[in-house]
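Here is a short note for a colleague who is opening this structure for the first time. Please read the points with the model on screen.

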Amino acid sequence: MTLLNSVKTGQEQAVDQWSSICLLEDIAPDTGVCALYQGEQVALFRIGDSDQVFAISNYDPLGEANVLSRGIVGSVGERLVVASPLYKQHYDLATGECLEDSDLLLKTYRVRVEQQQVQLS
Amino acid sequence: MSKKRIIVVGNGMVGHNFINTLATSEHSSEFELVTFSEEPRLAYDRVQLSKYFSGYTAADLALTTADDYERQGVVFTLNDKVVAINSHEKTITTASGRKEGYDKLVLATGSYPFVPPIPGKDQDHCLVYRTIEDLEAISASAAVSKTGVVVGGGLLGLEAANALKQAGLETHVVEFAPRLMAVQLDEGGGKLLRRKIEDLGVTVHTEKNTKEIVAGQECRYRMNFADGSFLETDMILFSAGIRPQDELARQFGLDLGERGGIVINDYCQTSDEDIYAIGECALWDNKIFGLVAPGYQMAKVSAAHIVSSLITHEEPALAFKGADMSTKLKLLGVDVASIGDAHGHTAGSQSYVFNDDIAEVYKRLIVSADGKKLLGAVLVGEAEAYGTLLQLMLNDMDIPGNPAALILPAVDGEASVGLGVAALPETAQICSCFDVTKGDLAAAVQGGCCTMGDIKDATKASTGCGGCSALVKQVMDAELVALGVEVNNNLCEHFAYTRAELADIIRVKGYTTFAQVLQGHGKGHGCEICKPTVGSVLASFHNEYILKDEHIGLQDTNDIFLGNMQKDGTYSIVPRIAGGEITPDKLIVLGEIAKEYDLYTKITGGQRIDLFGAQLHELPQIWERLVAAGFETGHAYGKSLRTVKSCVGSTWCRYGVLDSVSMAIALENRYKGLRAPHKIKFAVSGCTRECAEAQSKDIGVIATEKGWNLYVCGNGGMRPRHADLFATELDDETLIKTIDRVLMFYVRTADRLQRTSVWMENLEGGLDYLREVVVDDKLGICSELEDAMTRVVSTYQCEWKTTLENPEKLKRFQHFINADEDDSNLLYVRERGQRRPATATERIELVNLSTVQG
């Protein structure tokens, strides 16, 4: 099952403190899941069956719903993206930028995989 | 300024075309259009008349409706014949005594069937073939007859013979000339046509001159011929040519030809300049034109002349210059075409003949003395070259290379000699039904048309007989290329193939995963276009569980959670209710679940029940109960078979002739789970009253007393399309076999997200081609298509049942991977006793309220 670390407030947290969210295998290859992290909804995406994972906000600002983790992962040119499941805009997984509207920038999160644990910071 | 009054006498195809031309012109508001018809209905498609016997109704054949005319401001009167013209007062009088004034009068009275003056011709069961009423009489007579004879072996005669054969009669054709279609075909062509028609069970008698019709011994009548022989028959259909309907013009002093026909000039004016004649009643240069295309041309010319003489006072821009009488058609299933000087009457002309007795194909080219120009052609048994040959002849082009190559069959590995459309002049007429030139098509492409559908909407090209569709597409593609529009059919940046090509690759290579396809034929990581496309193709061919690890990342938003995502990120649930039949117990289960989870409940257009507003974590709980109650997934989320709608059929309905509900349930259970390029909807009606609206569905089935009629490629929705009648009087087994083939062919060849309606419109060769593939098995793939469908049917699984049995998969059905909380963003209000998402304004109020209360 999933693991939920005790969440600390921003002030208390040290810079390099990582919170384990789930196991890598909890994210099926080339799909996303949604995590609750410090009160925010974070979309985590796993590229192929590798341990490369990205984390951006789960909120679709155009569709106005918390759904981005349920979008399809793919690439546009060299950039890895997710397509919104509602209206299909693309968001850069690395930068959070909306490819159709560069003014829209989603919040991104630091993410890593340590001993099969997906961790956010 | 008062409106100019135009009276059109006759509402046949040409009269209607004239009205439509003026009513849709920029000057439409300056005219008052009035028309009279002696027939009980508005204009209908006489060219397709024989389809009446294969299940088409009068409404299917209609070219317009009372509503359309009313909207266009056209005043029409049916069942009332114009009987008098007063050209001094400029008035007409009808049989009912109405008198109406006109500024211009247009005679579009058409023609009547010629019945040779044979003693005994006026008895019961001696009929003609021209109007829907004639066809009704033929039907009635055929019902009490065993044998039927058609007098006349011309084009219409053979159509009529087809009608009798379809009505189940032993059919004979009696022709005065030594061969069939003597006007259009030469001896070789006529001979082969006769052989092919006789193979179909129609007996042909040539060089027979009927002397009298007397009472028969075996049958109702006996026809005695001049050579002493005789033939017995129960009914006789005269189709020995047409005569112009010029009676009105004759009585009121307009100039007529020696053998009839109202004489017209190049602007279609008769000897009275305010009276025009168009269509089959008109005589131009001593010729009657018995085809619809020249009639439409006359309608266009006369309309333009009326506008210039009454409104703009400019020189008339159009003139009638005669018309090409080349024809291509399918007679009793045999392709026949005749172009230009089919008999080689031109001095010094020479010919090339190709005759294949085995394949039963005959082709003859008539070329000029120097062998450079094509003058005419006869094609029987195979007429694919018609478009190319016609253009060569009409545009007086030099024959490219050796003329013989134009009719020789292509040898393997060698492309058949075609005529590049680039070689055609701008003025080349591509669609003769609606007089659309290559230049018109080019202009449409420049105006933004880039699909066959666009072109048809913009120019009407290929919406008449459809014979030009392949050529229209070639011109369109060539124009797109010329414009620098790369005709890029690539699926997306990751695959330089169309969906159909990818489907072939996947099928031939036997790929089972997206990774294999991407590695072998694509680049990058894929995207939201190619992943679901490949996922769908894999599912169509292999039908594996779509949430398997190697497939899950390919699934669209809806498929991945086996529900339909709504605007707020929640899902709707649609269990399968096959054929729309549901027990009270199951209804109660749905009600209980909806109540417990507070789901907004609505009946769908496909006779099912949609439950809205379920959150991710609720989906498995709800489906657990649905599956336990005997429900299966309804695939409302998939590009796949949705519903088979049905009327209650013969089990309850007083009018039903077959059990439509049982058939609908059988079809729905057979094709459920079939993944396709787009969603597929069916309907089954238990009688021709068509309560299930099958003719607006991808696959429509309508019961008749003789079996099922199958309609294909209809659509409601955004761009409605009336389905095409594909096959008639099928038994259950043949019906299912035919649907198997059509659907699997669609799955293999359609573009991504292309419904069957658009697929059909873009299919080269259209309905006829689909029939050749699916019914005649032209490509030899029918058994393969059936096998592929059998595989899909035998590997069906309810995706929800499989998912519920798989705890690993269920993990995904919660909003957070690391918490049990719900999405806090969801807010609802109640309306008419049910829950719905709050609007933006309501959200602000709700949030404020909760803050205040909190």
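1. Start with one pair across the interface. B:Lys531 and A:Asp30 join their side chains in a salt bridge, at 3.5 Å from N to O. Keep in mind that this is a predicted model. The rule finds three salt bridges across the interface of chain A and chain B.

2. Polar contacts come next. Between chain A and chain B, 17 residue pairs are in polar contact, both residues at pLDDT 80 or more. On the chain A side, five strands each supply at least two residues that touch chain B: E1 (19–23), E2 (32–37), E6 (65–66), E7 (72–76) and E8 (79–83). What is the make-up of the side of chain A that touches chain B? Its residues divide into 22 nonpolar, 11 polar and five charged.

3. Now the extent of the contact. Chain A brings 38 residues to it and chain B brings 36 residues. The area buried between the two chains is about 2,900 Å². Carbon and sulfur atoms give 54% of that area. Which three residues supply more than any other three of the area that chain A buries against chain B? They are A:Leu36, A:Arg70 and A:Ile72, with 26%.

4. Turn to chain B as a whole. Chain B holds 27 helices and 38 strands. Its radius of gyration is 31 Å, close to the 29 Å that the globule rule gives for 854 residues, so chain B is as compact as a globular protein of that length. Along the principal axes, the C-alpha atoms of chain B fill a box of roughly 100 × 65 × 65 Å.

5. The inside of chain B deserves a look. Of its 854 residues, 53% are buried. Take the contacts in chain B between residues at least 6 apart in sequence: 61% of these join residues at least 24 apart.

6. Just after H19(B), B:Gly630 takes a positive phi of about 95°. B:His635 sits in the loop between H19 and strand E32 (641–646) of chain B. B:His635 is not a glycine, yet its phi is positive, about 50°. Most residues other than glycine have a negative phi. Is B:His635 buried or exposed? Its relative accessibility is 0%, so B:His635 counts as buried.

7. B:Leu753 is placed in the loop between helix H21 (732–749) and helix H22 (756–762) of chain B. With a relative accessible area of 40%, B:Leu753 is partly exposed.

8. Last, a loop residue. B:Glu273 lies between strand E18 (262–263) and strand E19 (275–277) of chain B. B:Glu273 has 54% relative accessibility and so counts as exposed, the cut-off being over 50%. How far apart in space are B:Glu273 and B:Asn402? They are 50 Å apart, C-alpha to C-alpha, and 129 residues apart in sequence.

Conventions: Residues numbered from 1 in each chain as written. Chains lettered and ligands numbered in written order. Predicted model: local features only at pLDDT ≥ 70, side-chain atom pairs only at ≥ 80, totals over all residues. Heavy atoms only, no water. Contact = heavy atoms within 4.5 Å. Buried area = accessible area lost by both parts, 1.4 Å probe. Salt bridge = Lys/Arg side-chain N within 4 Å of Asp/Glu carboxyl O. Polar contact = N/O pair within 3.5 Å; in protein donor to acceptor, adjacent residues only side chain to side chain. Helix = DSSP H or I, 4+ residues; strand = E, 2+ residues; numbered from the N terminus. Nonpolar A, V, L, I, M, F, W, Y, C, P; charged D, E, K, R; others polar. Rg over C-alpha atoms; globule rule 2.2 N^0.38 Å. Buried < 20%, exposed > 50% of the residue type's maximum accessible area, 1.4 Å probe, protein only.
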